[in-house]
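This report examines one protein chain and how its elements pack together. Please keep the sequence and the structure in view while reading.

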Amino acid sequence: MNLKTCFITCIALVTSSFAIAEQAERSPGDMTVDERREMMEHASKYDNCVYSEAMTNIGKHEDIRVVADDALGSCATKLQDLENLITGWGMPAGYAQSFSARIRQRATRKLLPELAIRKAGG
């Protein structure tokens, strides 16, 4: 094989590798119903973990923000599992991170008022 043929072959291999990599990433719109259901099940497990951790530790701190932060931190691996699940399906990492951030924000918005009510009553 001469140098020119080798060069052209190398360029073709690199180009096809990029094309395969680009095709490997799926669009979130291509997600199946079962995949969406599984995502929401993981999100629900995270919500349950955060709530359970917070309620278990509510008496340990006066500041509900500390209780919430500890609970969110304790359950962070469940969010990482969710991100890994999504990227494992070939979805973009940015989408997985954005989705898990929304789930974390939603859990925080639901948790803080609940903690405030329980602290005020207890």
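The model is a predicted one, in which local features need pLDDT of at least 70, side-chain atom pairs count only at pLDDT 80 or more, and totals for chains, interfaces and linings use all residues. Residues are numbered from 1 along each chain as its sequence is written, and side-chain values use heavy atoms, with hydrogens and water left out.

The protein has five helices and zero strands; helices (H or I, at least four residues) and strands (E, at least two) are DSSP runs, numbered from the N terminus. Of the contacts (heavy atoms within 4.5 Å) between residues at least 6 apart in sequence, 73% join residues at least 24 apart.

In H4, the buried residues are Leu-79, Leu-82, Glu-83, Leu-85 and Ile-86. These residues lie on the same side of H4, because they cover an arc of only 160° around the axis, taken from the directions from the helix axis to the C-beta atoms. On the other side of H4, Thr-77 and Gly-88 are exposed. After H4 comes Gly-90, which has a positive phi, near 90°.

How does H2 pack against H4, and at what angle? Two packed helices are described by the angle between their axes and the distance between the axes. The values for this pair are tabulated here.

| Quantity for H2 and H4 | Value |
|---|---|
| Packing angle | about 170° |
| Distance between axes | 9 Å |

Axes are lines fitted to C-alpha atoms, for helices over the stretch in contact, and angles run from 0 to 180 degrees between N-to-C directions. H2 and H4 are therefore roughly antiparallel, a term for angles over 145 degrees. Residues making this contact include His-42 and Tyr-46 of H2 and Leu-82 and Leu-85 of H4.

Asp-47 belongs to helix H2 (residues 33-57) and is buried, with a relative accessible area of 13%. Its side chain is joined to that of Arg-106 by a polar contact of 2.5 Å; a polar contact is a pair of N or O atoms within 3.5 Å, and within protein one must be able to donate a hydrogen and the other to accept it, while residues adjacent in sequence count only if both atoms are side-chain atoms. Not counting residues up to four places away in sequence, Asp-47 touches Ile-103, Arg-106, Ala-107 and Lys-110.

Conventions. Buried < 20%, exposed > 50% of the residue type's maximum accessible area, 1.4 Å probe, protein only. Parallel < 35°, antiparallel > 145°, perpendicular 65-115°, else oblique.
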